[in-house]
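Trainee: Could you walk me through how the rings and the nonpolar residues pack in this protein?
Mentor: Happy to; let's bring it up and go step by step.

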Amino acid sequence: MDGLFSLAKMLFGIDIEPTDGLALVWNSDVRFYCVKYSTGSPIAYFYFDPYSRPSEKRGGAWMDEVVARSRALSRDGTKARLPIAHMVCNQTPPVGSKPSIMTFCEVETVFHEFGHALQHMLTKQDEGLVSGIRGIEWDAVELPSQFIENWCYHSWLCFGWLENKQPISPFLGPPLSRVNLSKQMLFLFTQVDSPVGGMGMTLWDTLISIAKHYETGETLPEDVYLKVLAARTFRGSLSLRQDKICPVDLELHSKYVPGGSETIYDVDQRVAKRTQVIPPLPEDRFLCSFSHIFAGGYAAGYCSYKGMIS
């Protein structure tokens, strides 16, 4: 979480501090945090319930509001009531003296939900009915979550210029090692604070700063990082999955006729034939667990995920 909070500070100029004991929690694993401006003034608060508890929690991960920012509902009617969010995940819990060893997908999920939480908490809108995550167009619902999630894939983020005067993009820059980067960097910017103490540049590592061996402290080797990066787009797996799920959602909510010639599984199979490299098995029943569109509020709106991926 320290790496995630450092990223938030770099991007938004905020500090996030634990305030355990300030609010009641429903489990001893739940943490309560305060989000502050650099001046120390509170902006928002959030609960974080990180670990899997199969007997109490459903699967998956989600973020939602506890209360929204609102001037009308403030105690004194002058200063707005501050927003409070909650993030719930199902990470691998600690075992004995061994800390929680998160998979990369679990890290990605935490970043994703934190993006949603930031949209709710950093709002400056005092009208509660449209503040935070309220009233967001479906095409933009997943924008902040996937924006933050994408930082999981960045090794070195550098603001500056290469010797050939080509800018290093925060999103498209090559995965250069720190040594190679320092040799190629031409410092043309004014002096800025740098996490690595550099002059005239900002060098920021996201994944490398948090991916460390829990016993030795060894950072993630660069060759492993490159494999993670390559796996993301291998065979277009994630994009192809969304290419199928999104039209299935729209077909079921626009053309499907209950009791007609096709079952929902027939629709799923038909769409898969035109969108998938490897067709699903005939007995595939993915739709039975597709809670996003049947119980999660994304009915006829799951395309918001695909829009952000594109």
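Mentor: One term before we start: contact, or touching, means heavy atoms within 4.5 Å. Please also keep in mind that this is a predicted model.

Trainee: Which residues does Ile 16 touch, not counting residues up to four places away in sequence?
Mentor: Residues up to four places away in sequence are set aside here.

Trainee: Which element supplies the largest share of the largest nonpolar core?
Mentor: That core has 27 residues, and Ile 16, Val 35, Phe 46, Met 87, Phe 111, Phe 114 and Met 121 touch the most other members. At least two residues come from each of α1, β1 (14–18), β2 (31–37), β3 (42–51), β5 and α2. The largest share is seven residues, and the element that supplies them is α2.

Trainee: Is the ring pair of Phe 5 and Phe 114 stacked, tilted or edge-to-face?
Mentor: The structure holds eleven aromatic pairs, so let's take this one by its angle, with under 30 degrees counting as stacked and over 60 as edge-to-face. The centres of Phe 5 and Phe 114 are 5.9 Å apart. Their planes meet at 50°, so the pair is tilted.

Trainee: How many residues apart are Phe 5 and Phe 114?
Mentor: Both of these residues are buried. Phe 5 is in helix α1 (residues 2–12) and Phe 114 in helix α2 (residues 104–121). The pair thus links distant parts of the chain, and the separation is 109 residues.

Trainee: Is Phe 104 buried, partly exposed or exposed?
Mentor: Phe 104 forms an edge-to-face pair with Tyr 153, at 5.2 Å centre to centre and 70° between the planes. Tyr 153 has 8% relative accessibility, so Tyr 153 counts as buried. Buried needs under 20% and exposed over 50%. Phe 104 is at 24%, and therefore counts as partly exposed.

Trainee: Is His 86 buried or exposed?
Mentor: His 86 lies in strand β5 (residues 84–91). Beyond its neighbours within four places in sequence, His 86 is in contact with residues including Tyr 47, Trp 62 and Met 63. Its relative accessibility is 18%, so His 86 counts as buried.

Trainee: Which residue lies over the face of Trp 62?
Mentor: Here we look for a charge above the ring. One side chain lies over that face at 3.8 Å from the ring centre, and the residue is Arg 58.

How values were computed. Residues numbered from 1 in each chain as written. Predicted model: local features only at pLDDT ≥ 70, side-chain atom pairs only at ≥ 80, totals over all residues. Heavy atoms only, no water. Phe/Tyr/Trp six-rings, centres within 6.5 Å; stacked < 30°, edge-to-face > 60°. Helix = DSSP H or I, 4+ residues; strand = E, 2+ residues; numbered from the N terminus. Buried < 20%, exposed > 50% of the residue type's maximum accessible area, 1.4 Å probe, protein only. Lys NZ or Arg CZ within 6 Å of the ring centre and 35° of its normal. Core = buried A, V, L, I, M, F, W, Y, C linked by side-chain atoms within 4.5 Å.
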